[in-house]
Amino acid sequence: MWRALRVALAPRGPAAAPSSSACPSPAAMERAVVRCVPSEPKLSLQFVLPDGSAKHMQRDQAEPLGRALARIATNAAKGRVRKGKKARAAGEAEEAAALPAVHLFSRDGQAVGAEVPNAAAWQEGAVLHIGEARYRVERNPPALTELRLPRSLLAGFPVCPKVSAEFAAPQHCLFRWFREQRSGGGWVEEEAAAAGRVFTPDNALVGLRLKLRCTPGDAAQRYGPPREVESSGPVEAGPGACTFDARHLYTGRACGAGRLRAVTYNILADTYAQTEFSRTVLYPYCAPYALELDYRQNLLKKELAGYSADLVCLQEVDKGAFADSLAPALDAFGLEGLFKIKEKQHEGLATFFRRDKLSLLSQHDIAFSEALLADPVHAALREKLAAYPVVQEKVLQRSSVLQVSVFQSATDPSRKICVANTHLYWHPKGGNIRLIQIAIALSHIKHVTCDLYPSIPIIFCGDFNSTPSSGTYRFISSGSVAEDHEDWVSNGEEERCNMPLSHPFKLISACGEPAYTNYVGGFHGCLDYIFIDKNALEVEQVIPLPSHEEVTTHEALPSVAHPSDHIALICDLKWK
């Protein structure tokens, strides 16, 4: 039924324990699998007796080894002692004779003392003797806890499994892909264009299901038992040309040292795309299947992977999509993800960073409403806002959050950077609310970059729901906004809120002011930005946006060729 796709594999098999003349070679021994985690009170021990019976024991980690070995002897003797009245008549001597000798030897051949606690006694490579049987101890061997393929598979788009493992890491696991045969039987290996954790099916596989076999492994080249998973459906034809294909021509290679490629992107949460209002009013031009999360995730993963970015700030990220799809996929491309959910919502913000270029020092995420109420940093703003209780209450009702992460360069530890990510209030008449939210954000960022990490530069990404003519954009880019700015009365006189605001940063929009970053049937405008500290960073390259023709090929966004109603902004930055 299946035909194997050949992949390049690391050497198989666990590292061998030293052999001794008193023991058979490790390859000839049975396995005694020990799971011992410091945070848990008990360890588990699994082995199979010569009679084929499997034993699974739980023992206190602090218990002396002698008690555990005595229990193993009792378990091994069960079934060997005669039952019923005859066994009782045989007396204690016969029962004692039925107990096998049980000992544990360290990997250098020394007997482990009976008083040694279990946690210290059961070490990797030790040898357990049960009568004549010998068992090599494998402590915390790699094991898969979850292996899952995406529900939707498209030709030309990467397939990235979700791999969860204990005592293992996906980068050390072995992956082998198979395809369903159209006819006939048997297994025929054939060369695959891609190998390893990510597999991209070509058009020849349309109509066929895939199967993945994963063998969990760790850095020491120990390997656990493999598991297999089959796709729930066949590979389907892809959409053809996508809006991001031409952009990938500029981002095929990662940035060099001293440079960072940053992306900001509102990826359209499924919780908003799948409403009746979205299907019939917001996006009636979009084919229903192209609004499905599984379909859009295929496009998103290919798009984001192709940008070869060092920093990716995403908005409207579904909690489930982050954990089950985006994080596993981008991890396979070298990016680690951080997630901050909105208050009382199923979506939030995600920041991904390239592991071999940046290391995470700290996180300082906030919810705007909570910070405004409780954080001393915002005491002055809180006092001003108290004079406008209607606006204050509206700000406190919003679920918006701010994600703030501090990173350090992996090659130059003296270089640190603060990366902020947000999604401000969406309502067209909410300019006054957005001004308050951005004031909270900038005060919090000031605390991080002036008090906690003095003088580190800033990259501030997000969907600000603000055009270049708005008060929010002016406030960020100029450093102040006047108390008589028109946005203070954006929702009428009853919500008037007049106050001057200022911040100390020198921020510019790295990608300028595009004609639009959001293009739907009833609106198009620039709402998304990557603001950078112009005193510390400069723009080396802005990746061109899709052409207007590409954006409107299917009338507007999203479409079968574009997964969101927003367009990603991408730029290459370098340190001054």
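This is a predicted model: local features need pLDDT of at least 70, side-chain atom pairs count only at pLDDT 80 or more; totals for chains, interfaces and linings use all residues.

**Entry 1: a sheet with E6 and E7**

With that rule I checked E6 (residues 127–130) against E7 (residues 133–139), and they pair in the antiparallel sense over 4 bridges. In this pairing I found His129 opposite Arg134 in E7. I then traced the whole sheet: it is open, has 6 strands and runs E4-E3-E2-E7-E6-E5, with mixed pairing. I noted an average twist of 25 degrees from one strand to the next.

Next I looked for what packs on this sheet. Helix H1 (residues 65–77) does, and it touches E3 (42–48), E4, E5 and E6. The direction of H1 makes about 155 degrees with that of E4.

**Entry 2: Met57**

I picked Met57, which is in strand E4. Is Met57 buried or exposed? Its relative accessibility is 6%, so I put it down as buried, the cut-off being under 20%. I listed what Met57 touches, leaving out residues up to four places away in sequence: Leu43, Ser44, Leu45, Phe47, Ala68, Arg71, Ile72 and Asn75. For Ala68, which is 11 residues away along the chain, I got a C-alpha separation of 9.1 Å from Met57.

**Entry 3: another open sheet**

I went on to a sheet of 6 strands ordered E16-E17-E15-E14-E30-E29, which is open with mixed pairing. Its edge strands are E16 (335–341) and E29 (537–542), and each pairs on one side only. Neighbouring strands here are turned by 25 degrees against each other on average, direction ignored.

Inside this sheet I checked E15 (residues 311–318) with E17 (residues 347–354): they pair in the antiparallel sense over 6 bridges. Val317 stands opposite Gly348 in E17. I also found helix H9 (residues 319–332) lying across E15, E16 and E17, at about 155 degrees to E15.

**Entry 4: H12 against H13**

How do the axes of H12 and H13 cross? For H12 (residues 389–397) and H13 (residues 431–452), the axes come within 10 Å and cross at roughly 70 degrees. I therefore wrote the two helices down as roughly perpendicular to each other. The crossing of H12 past H13 is right-handed. On the H12 side I found Val391, Lys394 and Val395, meeting Asn432, Ile433 and Ile436 in H13. By class, that contact has 4 nonpolar, 1 polar and 1 charged residues.

I finished with the loops. Gln221 has a positive phi of about 60 degrees and is not a glycine. Gln221 is in the loop between E12 (210–215) and E13 (227–230), and with a relative accessible area of 39% it is partly exposed.

Ser455, also not a glycine, has a positive phi of about 75 degrees. I placed Ser455 in the loop between H13 and E22 (458–463). At 73% relative accessibility, Ser455 counts as exposed.

My last item was the peptide bond from Leu557 to Pro558, which is cis with omega near -5 degrees. Pro558 is in the loop between H15 (548–551) and E30 (569–575).

Key: Residues are numbered from 1 along each chain as its sequence is written. Side-chain values use heavy atoms; hydrogens and water are left out. Axes are lines fitted to C-alpha atoms, for helices over the stretch in contact, and angles run from 0 to 180 degrees between N-to-C directions. Angles under 35 degrees count as roughly parallel, over 145 as roughly antiparallel, 65 to 115 as roughly perpendicular and the rest as oblique. A crossing is left-handed if the near helix is turned anticlockwise from the far one by less than a right angle, and right-handed if clockwise. Contact means heavy atoms within 4.5 Å. Ala, Val, Leu, Ile, Met, Phe, Trp, Tyr, Cys and Pro count as nonpolar, Asp, Glu, Lys and Arg as charged, and the others, Gly among them, as polar. Two strands pair if DSSP finds at least two bridges between them. Buried means under 20% relative accessible area, exposed over 50%, partly exposed in between (1.4 Å probe, protein chains only).
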